[in-house]
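Here's a quick tour of one protein chain, written for someone new to reading structures. Have a look at the sequence and the model, then work through the notes below.

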Amino acid sequence: MAYFRDWFGRSAEDAYTSYDSSKRAINWDKGYDNYSDYFFGKRSGFKTHSLKIQDAASLLLTMSKVMGVDVGRFKAGATGKTKDVVIPTDMLKDSSISTDVFIGAALQNMAHANYRTTEEIAHDARQSKALNLQKTVYGILNSERLNNLMAEDTPGYLKFVQKFKKHKYAERPAINPEDKFQRALELFDRIIRYPENITDEELEEFKEPLEFIKKNIEKAGGIPSDQKECVKLSKKIAKVLEKYMEVPPPSDDDKDSEGESEDGGEGGMSGGSTGADPDGKSDADKDKEQKKREEFMKKLLESMKQDKNSDRDTFESFMEDIKEEEESSGKIDRKVEFIVERDSPHLYDDTAKDVDHTKASVIANLLKRKNRDYQFSLKSMRSGRLDTDKLAEARQGVQTIYERMGEVKTNKLCVTVLVDESGSMHGSKADKAREAAIFLKETLEGVPDVELFIYGHSADMSRHGGSGTTQIFVYKEPGTITPPKSMGNINGRCENRDGVAILAAAKRVRQKTQNQGVFIVISDGQPSAHNYGGSSAEAHVKKSAIEVEKMGFQVIQVTIGGYRSRNMFKNVIDMDDVSKFPSQFVGFLKTKINSLIKEKVTM
């Protein structure tokens, strides 16, 4: 047995996926053997198949919303539409397969459909027309490329894919020990996707091609994140394997549309064949051998993507559960009550004294330079009003004696601040949130052409509508009389129905202005209220943030307390140290200012 050092620095614990725990919001899986238990308690032990299907449907629905996959694309099997997502519900009939493995297989298919561009889909459709070595190598590399993309966007979901990988690679495929082709290709497949239990004998036997393959991979910087680079790398690796395994080159009808295979990398290999079939074999033997190779390559490509037809009855039951879950998840309490808070000068003044006025002036100057209106004139025009400075030219019949007046106006910048005032925001978290919000008020309130809206939100408060109601506290709003220092009241209160509050506040702002701007959400990131929580609530927050962006806002979340919310928000500032927030906000504003404040020219 050999100690094989993974070429990509992956660990056996992470099932040889490019998993980075530092990108996780929370370590939700700690202490769980079955990750589904986190969402459903101990129900995912599954004593009945119906319960297994119900839970799997509920969990996949939430995940699909976070990934942006339309459940209308869920299919029971391959339909020829490459954007369809095959849901392998036949796995649910096997009691030996855990829900985690099923979810991992479905997520793998979702990633395959979701992360590819139209051009990539067209390329892969061409690849599927025939099997050859380069296409097989590309399929192996591409499966890991898609896993790496999932690791970047939804690292928590990759935990399920890890379970699926362990399940698929629990047993090695039966291989004829005399078949050099199968042994070499299967070894390459394991090195890329699951390098467990690789022997010294294998490494020694295939030492020469492995050295060249590793060199090409290192030159490419690992498995490429770009599909075109993945194609180039697969051609180089296939060239190496073709030389070593005496594989005939692809025929003209079987070549990829992007051209011939590229050179095998850093120099040629000694002892390789020219690509011709071994002597002494009849055409029938060659055809039989080729069919065996194609069947083996097909199995390797299917091993990380479940495209077989699912059990129809089970799939229909699965989709019925999806529909029921969609209907129930749509029953979010959306009642909202807006409340103008009373003044709290003592706490406000105590917080305001710590405002970083240096950074405040930087922001003010930045906005002043961008927000400027002015008039201009264009001389020597053929139309417009007569330029009195050119009366002499007029007598001489010159036509360019007119001037035209113009005006440049910049739109106002709309800044909205929404502060989470849930119970989890008590103590130091509330202090940080109050300080950040008051900094924004003190900084932006006196800047011309900036429209400032500041709100807080909680939910299910008994004295303000009770259970099912979202409370939004109005601290600063053009056209509304608000006590000047009411933001001293920002504190931890009750629950937080974030998605509802975000959408309601944005709609209220849009009733008062149509100017583009920034929508700042200050929170500790965990939505929780009556009939509102967990991954379904996070999916709703993400959906709400996307809707607000469509209204003309750049949505940015300022996190407090270490909860990373990139699965809900595209732009995130991690405010672990409130003293650094002014600098962080200045940096964000500089990158967005040109798209937020635009000039309009009128003549």
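Let's start where two helices touch: E144, N147, M150 and A151 in helix 5 meet L158, V161 and K165 in helix 6, where a contact means heavy atoms within 4.5 Å. Sorted by type, the residues of this contact are four nonpolar, one polar and two charged. (Ala, Val, Leu, Ile, Met, Phe, Trp, Tyr, Cys and Pro count as nonpolar, Asp, Glu, Lys and Arg as charged, and the others, Gly among them, as polar.)

Keep in mind that this is a predicted model: local features need pLDDT of at least 70, side-chain atom pairs count only at pLDDT 80 or more, and totals for chains, interfaces and linings use all residues. Residues are numbered from 1 along each chain as its sequence is written, and side-chain values use heavy atoms, with hydrogens and water left out.

**Helices around helix 6**

- Helices (H or I, at least four residues) and strands (E, at least two) are DSSP runs, numbered from the N terminus.
- Helix 5 (residues 133-153) and helix 6 have axes that come within 10 Å and cross at roughly 150°. That makes helix 5 roughly antiparallel to helix 6.
- Axes here are lines fitted to C-alpha atoms, for helices over the stretch in contact, and angles run from 0 to 180 degrees between N-to-C directions.
- For the wording, angles under 35 degrees count as roughly parallel, over 145 as roughly antiparallel, 65 to 115 as roughly perpendicular and the rest as oblique.
- Helix 3 (residues 99-114) packs against helix 6 (residues 158-168) at an angle of about 105°, with the axes 7 Å apart. So helix 3 is roughly perpendicular to helix 6.
- On the helix 3 side, the contact uses D100, V101, I103, G104, A105, L107 and Q108, and they meet F160, V161, K163, F164 and H167 in helix 6. That contact divides into seven nonpolar, three polar and two charged residues.

- Seven strands form an open sheet in the order 3-9-8-7-10-13-14, with mixed pairing; two strands pair if DSSP finds at least two bridges between them.
- Strand 3 (335-340) and strand 14 are the edge strands, and each pairs on one side only.
- Ignoring direction, neighbouring strands of this sheet are turned by 25° against each other on average.

- Which residues of strand 13 lie on each side? F553, V555, Q557 and T559 are on one side and Q554, I556 and V558 on the other, and all are buried (under 20% relative accessible area; exposed is over 50%, partly exposed in between, with a 1.4 Å probe and protein chains only).
- Strand 10 (residues 517-523) runs parallel to strand 13, joined by seven bridges, and G517 stands opposite F553.
- On strand 14 (residues 571-574), strand 13 pairs in the parallel sense over four bridges. There, I556 has N571 as its bridge partner, and Q557 stands opposite V572.
- Helix 18 (residues 534-550) lies across strand 10 and strand 13, at about 140° to strand 13.

**A buried loop residue**

- H464 sits in the loop between strand 8 (450-459) and strand 9.
- Because its relative accessibility is 14%, H464 counts as buried.
- Leaving out residues up to four places away in sequence, H464 touches E337, I339, T469 and Q471.

- The chain averages a pLDDT (the predictor's confidence in each residue, from 0 to 100) of 81, and 81% of the residues score at least 70.
- Confidence is highest in strand 9 (residues 469-476), at a mean of 96, and lowest in strand 15 (residues 599-602), at 49.
- Where pLDDT is low, the predicted coordinates should not be read in detail.
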